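Work through the exercises below with the sequence and the model open. Each task is followed by its solution.

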Amino acid sequence: MKPTIGFIGLGLMGGPMAKNLARAGFPLVLWNRTREKAEEFAHESAGSDVKVGASPRETAEKADFLITIVSDPPALEEVLWGQDGALEGLRRGSTYIDSSTVSPDLVRKIGKTCKEPGVGFLDAPVTGGTWGAEKGELVFMVGGEKEVLERAKPVLEVLGKRIFLLGPNGAGQTVKLAMNLILALQVEALAEALALVSTVGIPGERLIEVLQSSMARAGVLDVKAPLMLKNEFPPSFPLRLMHKDIRLALELAKQHGLTLPAAAASYSTYDSVKKSSKDDPDYAAVARFWKKS
Ligand code: NA7
């Protein structure tokens with residue numbers, strides 16, 4: 001009999017992750033703020049052991065492993081400390097894994113809160129986008145104790161292909177924020193270069209061809225350049241979340257007395273596109289900044 005997993009947050013990432021756990025035969029108790037999403041999931045999983053929890057607390061009470069993956073720090077605080085919050089429900093000896101991207105401070109606070117009732121806690125943000133979530137090929141950046149991670153591995157290995165233990169609680173989030181900073185800047189640099197060549201009169205496709213043969217070759221060229229060339233931005237990693245991650249990285253830097261000038265400039269570009277976009281685009285839509293005029 002496999003352990004029961006409580007799963008909170010059926011968004012773009014959480015939905016496919018929970019599906020993989022159901023497929024792997026783990027009994028699931030789901031909770032999502034918009035309850036219909038959890039009900040629809042349970043309906044579609046007829047034949048698997050999938051139930052909908054009444055609240056985050058009840059979901060946690062039933063869980064041997066609890067996983068949360070929600071938008072941002074306020075969403076996670078709401079789920080954990082709000083009315084019928086999950087932290088009240090966690091059982092002694094259970095394991096809690098948060099895969100949202102939030103601040104290192106917040107996950108350290110959660111880690112401290114989990115200690116007293118004897119709950120093992122890992123911050124385990126992910127990279128790989130919706131594609132990685134669907135394929136079960138996410139990469140986990142983990143902060144926490146080795147023994148807790150060993151306990152969680154049979155669950156995480158269903159969801160991901162690589163698991164990096166990076167230090168105590170907060171280390172996973174720190175590395176995730178640093179990594180997303182690079183992606184945000186790379187995608188913005190690509191958008192700037194495309195704006196430059198196309199303004200001068202050279203098709204963007206030619207730039208991409210050259211870049212693919214150069215040292216500037218990178219994963220973002222494969223995944224994001226086609227979106228920019230078509231000017232279509234269906235969300236795989238929404239711009240609003242990248243905007244949040246740059247902000248979290250800047251706040252972390254500030255706490256440590258560090259200045260990140262490129263990140264600060266990039267934040268204002270993402271901010272401007274976020275404010276002027278009426279849809280919920282992928283972060284490749286940062287390219288819209290140069291399409292305004
Ligand atoms: P999505 O697709 O925006 O999904 C966000 C999830 O968080 C979704 O289940 C939301 O519920 C939930 N949410 C948002 N605000 C709240 C509050 N206040 N309370 C409870 N639940 C909430 O994001 P992704 O799946 O792409 O990403 C999730 C995380 O992974 C994020 O930190 C990324 O940076 C990385 P809803 O369905 O809207 O009711």
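**Exercise 1.** Describe how helix α13 packs on helix α14.

Step 1. Helix α13 spans residues 239–255 and helix α14 spans residues 261–276; their axes are 10 Å apart, at an angle of about 150°. Axes are lines fitted to C-alpha atoms over the stretch in contact, and angles run from 0 to 180 degrees between N-to-C directions.

Step 2. The angle therefore makes α13 roughly antiparallel to α14 (over 145 degrees).

Step 3. Leu239, Arg240, Met242, His243, Ile246, Arg247 and Leu250 of α13 meet residues of α14 including Ala263, Tyr267 and Asp271 (contact: heavy atoms within 4.5 Å).

The model is predicted: local features need pLDDT of at least 70, side-chain atom pairs count only at pLDDT 80 or more, and totals for chains, interfaces and linings use all residues. Numbering starts from 1 along each chain as its sequence is written, and side-chain values use heavy atoms, with hydrogens and water left out.

**Exercise 2.** Find the partners of α14 in helix α9.

Step 1. The axes of α9 (residues 171–200) and α14 come within 10 Å and cross at roughly 65°.

Step 2. Leu181, Ala184, Leu185, Val187 and Glu188 of α9 contact Ala262, Ala263, Ser266, Thr269 and Tyr270 of α14. Seven residues of this contact are nonpolar, two polar and one charged.

**Exercise 3.** Which residues come nearest to the ligand?

Step 1. Of the 22 residues around the ligand (a heavy atom within 4 Å), Asn32, Thr34, Lys37, Ser71 and Lys244 come nearest.

Step 2. A side-chain N or O atom of Lys37 is 2.6 Å from a ligand oxygen atom.

Definitions and conventions. Helices (H or I, at least four residues) and strands (E, at least two) are DSSP runs, numbered from the N terminus. Angles under 35 degrees count as roughly parallel, over 145 as roughly antiparallel, 65 to 115 as roughly perpendicular and the rest as oblique. A polar contact is a pair of N or O atoms within 3.5 Å; within protein, one must be able to donate a hydrogen and the other to accept it, and residues adjacent in sequence count only if both atoms are side-chain atoms. Ala, Val, Leu, Ile, Met, Phe, Trp, Tyr, Cys and Pro count as nonpolar, Asp, Glu, Lys and Arg as charged, and the others, Gly among them, as polar.
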